[in-house]
Amino acid sequence: MRTDEFVSLLATGTDAVDVRAPARRCVAAMVGGTVVATILMALWLDVRPTLARDANLPMFWVKELFCVALVAAGVFAVARLSRPGAAVGRVEPLAGAPILAMWLLAVVVLAVAEPEDRTDLIRGVSWTECPYNIAVLSVPVFVAIVWAMRGFAPTHLRRAGAAAGFAAGAIGALAYTLHCPELDAPFLAIWYVAGVLIPSVVGAIVGPRLLRW
Amino acid sequence: MIAAEDRLRDLLVRGQAGDAAAYRVFLQELTAHLRAFLRRRLSGLPDEVEDLVQEALLAVHNQRHTYDAGQPLTAWLHAIARYKLVDLLRRRARGDALNDSLDDAAEFLAAADSDAADARRDVAKLLATLPDRQRLAIVHMKLTGLSVAETARLTGMSESAVKVNVHRGLKTLAEKMRSEA
């Protein structure tokens with residue numbers, strides 16, 4: 001078939017397309033993923049009984065804000081990397097900003113702490129399970145986001161996969177805050193970040209296979 | 001170039017809204033730009049240019065809902081053409097065929113080439129290998145030019161099934177182009 005005939009085939013009988021459909025699908029995936037991750041957390045890990053009391057502590061809200069900032073950076077990354085030709089230069093700096101801020105806070109906290117307290121500030125009581133729990137909670141979110149991104153046309157598949165993993169990990173971390181008892185910045189700076197980076201790395205690995213078109 | 005960008009954007013946006021005549025002009029003009037872009041960058045594989053032009057046209061068509069009228073059209077088109085080109089070179093393991101920078105999105109509409117070579121791959125033959133429902137929907141609607149209602153009557157499918165099968169068929173076609181190339 002000649003190219004002009006093929007163009008004619010493509011143009012003949014074309015219908016209107018819904019340009020907002022992919023964005024709606026993305027919002028549905030994020031909201032649905034958040035709900036599923038939260039339910040999974042409640043059934044599997046339980047909401048912490050002291051949650052209402054912790055909500056009086058400023059550090060609880062710093063932790064929530066940290067996770068919300070990660071989610072926002074992840075959503076931004078997913079939105080930009082899903083659309084061909086969108087500006088993607090600020091994706092990584094924006095994702096790195098909340099992490100860097102938490103690292104700085106952690107350094108300050110460790111610097112002013114008594115030396116014998118530092119190990120506890122870093123390990124808390126749950127350092128062995130935290131990254132693993134966040135990564136598990138991110139799984140349903142990751143599936144939903146990849147499904148949504150397949151409705152778009154990402155052209156940087158590794159970065160797009162990493163963005164899906166990062167957003168999923170951030171939403172998983174946000175859900176996990178309702179269970180997790182830790183409130184120290186050094187803990188968050190290491191183990192929460194690790195929990196978000198695990199799905200990001202997995203996303204970067206599987207992205208080219210799951211997202212190509 | 002700004003004029004070309006505005007003009008093509010207007011045609012595509014009208015096409016997205018269902019104006020098939022505007023969309024046809026968009027694709028015709030896009031073909032020449034795609035060919036110039038790909039021919040210049042595929043000088044090591046000249047026989048593949050026209051096949052890739054068709055593959056990129058189908059990609060633009062299948063992804064036309066992802067263009068946002070607020071973004072530069074050049075960047076969107078360039079990203080799709082570049083993606084398809086890199087994909088082909090990876091399949092050929094021919095990174096060396098890249099003798100020209102790929103990142104000059106701004107230049108995408110600067111060159112046009114209306115000198116079509118023969119495509120090696122015959123899309124008509126590929127179409128014949130699609131599942132029946134997809135193939136019939138495409139043949140009646142897009143080759144014969146029948147309406148959705150007429151196609152639905154002829155094939156016994158519902159009208160929405162006809163639309164879905166055209167859409168799916170073109171996605172399958174893109175997959176087949178990818179895997180047989």
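Tutor: Let's start with a working rule: a residue is buried if 20 or more other C-beta atoms lie within 10 Å of its own. Keep in mind that this is a predicted model.

Student: Happy to. What makes helix 3 of chain B largely enclosed by the rest of the structure?

Tutor: Apply the rule along the helix: 13 of the 14 residues of helix 3 of chain B are buried, so this helix is largely enclosed by the rest of the structure.

Student: And why is Tyr192(A) called buried?

Tutor: Count its surroundings. Tyr192(A) has 26 other C-beta atoms within 10 Å, and the cut-off is 20 or more. The count meets the cut-off, so Tyr192(A) is buried.

Student: Where is Tyr192(A) found, and which residues is it in contact with beyond its neighbours within four places in sequence?

Tutor: Tyr192(A) is found in helix 9 of chain A, residues 185-211. Leaving aside those neighbours, Tyr192(A) is in contact with Cys130(A), Ile134(A) and Ala173(A). As for Phe66(A), it is 126 residues from Tyr192(A) in sequence, and their C-alpha atoms are 9.9 Å apart in space.

Student: Back to helix 3 of chain B. How do you know that its reach is close to the expected one?

Tutor: The expected span is 1.5 Å times one less than the number of residues. Helix 3 of chain B has 14 residues, and the expectation is 20 Å. From its first C-alpha to its last, helix 3 of chain B reaches 20 Å, close to that expectation.

Student: How is chain B divided, and what makes you say its domains touch?

Tutor: Domain 1 of chain B covers 1-120 and domain 2 covers 121-181. Their C-alpha centres lie 23 Å apart. Contact is judged residue by residue, with C-beta atoms within 7 Å; eleven residues of domain 1 of chain B are in contact with eight residues of domain 2 of chain B.

Student: Which helix gives the most to the domain 1 side?

Tutor: Helix 3 of chain B, with seven residues. Helix 3 (49-62) and helix 4 (73-92) of chain B each supply at least two residues of that side. By type, the residues on this side of domain 1 of chain B divide into four nonpolar, three polar and four charged.

Student: How many residues are in contact between the two chains, A and B?

Tutor: 25 residues of chain A are in contact with 39 residues of chain B. On the chain A side, helix 1 (3-11) and helix 2 (21-44) are the elements giving two or more residues. Helix 1 of chain A has the largest share, six residues. This side of chain A divides into 15 nonpolar, six polar and four charged residues.

How values were computed: Residues numbered from 1 in each chain as written. Chains lettered and ligands numbered in written order. Predicted model: local features only at pLDDT ≥ 70, side-chain atom pairs only at ≥ 80, totals over all residues. Domains from an automatic or database assignment. Nonpolar A, V, L, I, M, F, W, Y, C, P; charged D, E, K, R; others polar. Buried ≥ 20, exposed ≤ 12 C-beta atoms within 10 Å, placed from the backbone.
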